[in-house]
Each structure stands twice: as structure tokens, then as C-alpha cells.
Amino acid sequence: MNYGYAKKGFKIQLLDEDEKERYPIQLYHHITNQIEVTNLDVLEIGSGRGGGASYVHRYFKTKSLVGLDISARAVELCNERYGEPGLSFVVGDSENPPFTEKVFDVVLNIESSHCYGNIECFLSQVLRLLKEDGFFLWSDFRSHQEMKDLFDLFLSVGFKIVKEEDITRNILLSLERLSPERERHINKQVPLPFRKLFKSYAGIKGGGMYEAFDSGLLVYKCATLKKII
């Protein structure tokens, strides 16, 4: 689950079975579509339930796509659910991924890095895993000062910023469209004392995360970064 992406006039073509996850998928599409990934070796760090990795592999025709996640249960479920050739999931830490150096053309990281303990260590690992002139496709949210500090860090560790985009309004539009169904699901599945917390985490309109984006307290950006060292 991510906060999704919506834009007036933007509606990608999806198979019927993917339609229910349209807005989270559109975030993956928008980020991945910044470069040509067809026939490339791609790693997603923070693959979660695997739907984004499956979408990118199927629709963008990557040569291979590996999803890395710290949750062994999530990885087990992904490997049981997704059987496309060239798509696999492994258990691993974002700050110590279990791969040799220079094995991926692209590293993808969507709405996950705000959870990491040591961002500089994570970025150094991304650089280690990327082939020469490889690309890092990233999106996430921060406070404005934290975001500035992060982009300074991108440069200092060895990335070139090819493209930087503030997509906060696109996230808000997506959350407005996702809110009714997410709220119904939480009201049905979550005990009453925990619903407010879950609704905030899910980005439901009127909740804490939504208001933080809407007020400008948090900014959501995406970036296309190229390895230069």
C-alpha cells in the first residue's frame, strides 16, 4: 500500500485484475516511467506485498526484477503469489542487502526510505549495487528541511540529480479518491480504539497524514538519480 498518484487527464491502461489498485499502481508507473527499464535488471528495495514489483515487471518488461524486503513473511507470500518468470523476492535489510556489487541497472525505492535508520548507509548500498551509470528511482515524503538535507546527501554520496519533482498535490488528489474505500475497510477490519491511528497512517482525508501534506508540513517528492561514482 502506498499513497498513490493522480493527475487530471492521467489514466494508464490496466488489466481488469489490476484496476482495484489503480492509484498505488499509478505511483509506480509515474516513477518507473522516468527512464527506459525494458530488458534491464531491476531491484526494488522495500517491496512489501509485491504488487508494485509485479506491475513493473509485467508492464515494463524488465529482464529481471528482484523485490527485497525485511519481512520474511511478506517475501514468502510474494513468492507464493507471483510466479512470473524473472520476478523473485528475497529477505534483506535495506542497509545490508545480500547482493554482490554492480549487479543491477536500476534500483527502485518507493515510499519506504522514511522508515530507514541510516539513510547514508542505505544510499551507499544503492551505489554499490548499481552498475556503472545505473539509475536510482526514488519517491517518498519528508519535512521540507529533511527533504533538502536528503537531496544534499544524494549529491554528496555520488549521485547526479537528473530530475526532481514535487508531487504532493498528486498524492493529495489520489488520497481523496482512495479515502472512501480505505475508510470503509478500516471501519470493518480494525477495532474501534485503533481506527484513528490506522486512518491517519492510510492517508485518509481529514486524518493526520493527509492534513500534514495539505498544510505543507510534509512534502512528497520523486527523483531520478544517476550513479556517477
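Contact here means heavy atoms within 4.5 Å. In this predicted model, helix α8 lies across strands β5 and β7, and the direction of α8 makes an angle of about 75° with that of β7.

The sheet to which these strands belong is open and contains seven strands. Their order is β3-β2-β1-β4-β5-β7-β6, with mixed pairing. The edges are formed by β3 (87–91) and β6 (159–166), each of which pairs on one side only. From one strand to the next, the twist averages 20°.

Leu 43 has Val 66 of β2 as its bridge partner.

Strands of a sheet pair through backbone hydrogen bonds, in either a parallel or an antiparallel arrangement.

Besides lying across β5 and β7, helix α8 (residues 208–215) packs with helix α6 (residues 168–189). Two packed helices are described by the angle between their axes and the distance between the axes. For α6 and α8 the angle is about 145° and the axes are 10 Å apart. The crossing of α6 past α8 is left-handed. On the α6 side, the contact is made by Thr 168, Arg 169, Ile 171, Leu 172, Leu 175 and Glu 176; α8 contributes Tyr 210, Phe 213 and Asp 214. Of the residues in this contact, five are nonpolar, one is polar and three are charged.

Empty space inside the model was also examined. Rolling a probe the size of a water molecule over the atoms shows where such space is left. One cavity of 30 Å³ or more is present in the structure, and the largest cavity has a volume of about 40 Å³. The lining of the largest cavity consists of Ile 31, Gln 34, Trp 138, Lys 163, Glu 164, Glu 165, Cys 222, Ala 223 and Thr 224. Strands β6 and β7 are the elements that give two or more residues to this lining. By class, the lining residues comprise four nonpolar, two polar and three charged. Of the two strands, β6 is an edge strand of the sheet, whereas β7 stands between β5 and β6 in the strand order.

Terms used. Residues numbered from 1 in each chain as written. Predicted model: local features only at pLDDT ≥ 70, side-chain atom pairs only at ≥ 80, totals over all residues. Heavy atoms only, no water. Axes fitted to C-alpha atoms, helices over the stretch in contact; angles between N-to-C directions. Helix = DSSP H or I, 4+ residues; strand = E, 2+ residues; numbered from the N terminus. Left-handed = near helix turned anticlockwise from the far one by under 90°. Nonpolar A, V, L, I, M, F, W, Y, C, P; charged D, E, K, R; others polar. Pairing = 2+ DSSP bridges. 1 Å grid on protein atoms, 1.4 Å probe; cavity = no way out; pocket = protein on both sides within 12 Å on 5 of 7 lines; lining within 4 Å. Points joined across faces, edges and corners; volume = space filled by probe spheres on them.
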